[in-house]
Amino acid sequence: MAVTCTGGDRVLTASVSGEVDHHRARRIMEELEQAIDGMAPRQFTLDLSEVSFMDSSGIAVVLRAYRRVKELGGEMVVAHPPAQAAKVLKAAGIERLIRLTE
């Protein structure tokens with residue numbers, strides 16, 4: 001499984017592992033949307049610490065999750081992106097919308 005979710009009381013953490021590329025992005029997004037819709041979190045953390053590679057498809061995954069969380073009235077944080085993933089996200093300007101934490 002690419003996504004592992006934990007949490008309760010409208011606080012959700014989704015940990016993504018492996019590669020976030022065009023081959024896996026759709027499945028990852030489906031899993032994230034299912035978890036987000038199921039819990040309607042007011043606080044959502046996307047933990048990328050176990051991501052080994054991210055391309056521009058990862059930007060789409062992050063933005064879709066962000067939009068869905070916002071639609072439900074929640075806030076989102078991207079936590080622990082590895083250097084390569086952080087570089088991709090920062091190049092896209094993600095940190096202007098979503099807080100990135102080490």
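**Entry 1: the model.** I reminded myself that I am looking at a predicted model.

**Entry 2: the helix pair.** I looked up helix α1, residues 25–39, and helix α2, residues 56–71. Their packing angle is about 15 degrees, and their axes are 10 Å apart. Angles under 35 degrees count as roughly parallel, and α1 and α2 are therefore roughly parallel to each other. I also noted the handedness: α1 and α2 cross in a right-handed way.

**Entry 3: who meets whom?** Which residues of α1 meet α2? On the α1 side I listed Ala25, Ile28, Met29, Leu32, Glu33, Ile36 and Asp37. Their partners in α2 are Ser57, Val61, Arg64, Ala65, Arg68 and Val69. Sorting the residues of this contact by type, I found 8 nonpolar, 1 polar and 4 charged.

Entry 4: I checked UniProt, where an unreviewed entry lists residues 11–102 as "domain: STAS". In the model, this span is 43% helix and 33% strand. The C-alpha atoms at the ends of residues 11–102 lie 19 Å apart.

**Entry 5: Leu100.** Where does Leu100 lie? I found Leu100 in strand β5, which covers residues 99–101. Leaving out residues up to four places away in sequence, Leu100 touches Val78, Leu89, Lys90, Ile94 and Glu95. I then compared Leu100 with Tyr66: they are 34 residues apart in sequence, and their C-alpha atoms are 12 Å apart in space.

Terms used: Residues are numbered from 1 along each chain as its sequence is written. This is a predicted model: local features need pLDDT of at least 70, side-chain atom pairs count only at pLDDT 80 or more; totals for chains, interfaces and linings use all residues. Side-chain values use heavy atoms; hydrogens and water are left out. Axes are lines fitted to C-alpha atoms, for helices over the stretch in contact, and angles run from 0 to 180 degrees between N-to-C directions. Helices (H or I, at least four residues) and strands (E, at least two) are DSSP runs, numbered from the N terminus. Angles under 35 degrees count as roughly parallel, over 145 as roughly antiparallel, 65 to 115 as roughly perpendicular and the rest as oblique. A crossing is left-handed if the near helix is turned anticlockwise from the far one by less than a right angle, and right-handed if clockwise. Contact means heavy atoms within 4.5 Å. Ala, Val, Leu, Ile, Met, Phe, Trp, Tyr, Cys and Pro count as nonpolar, Asp, Glu, Lys and Arg as charged, and the others, Gly among them, as polar. UniProt positions are given in the numbering used here, feature names are shortened, and annotations may be inferred rather than shown by experiment.
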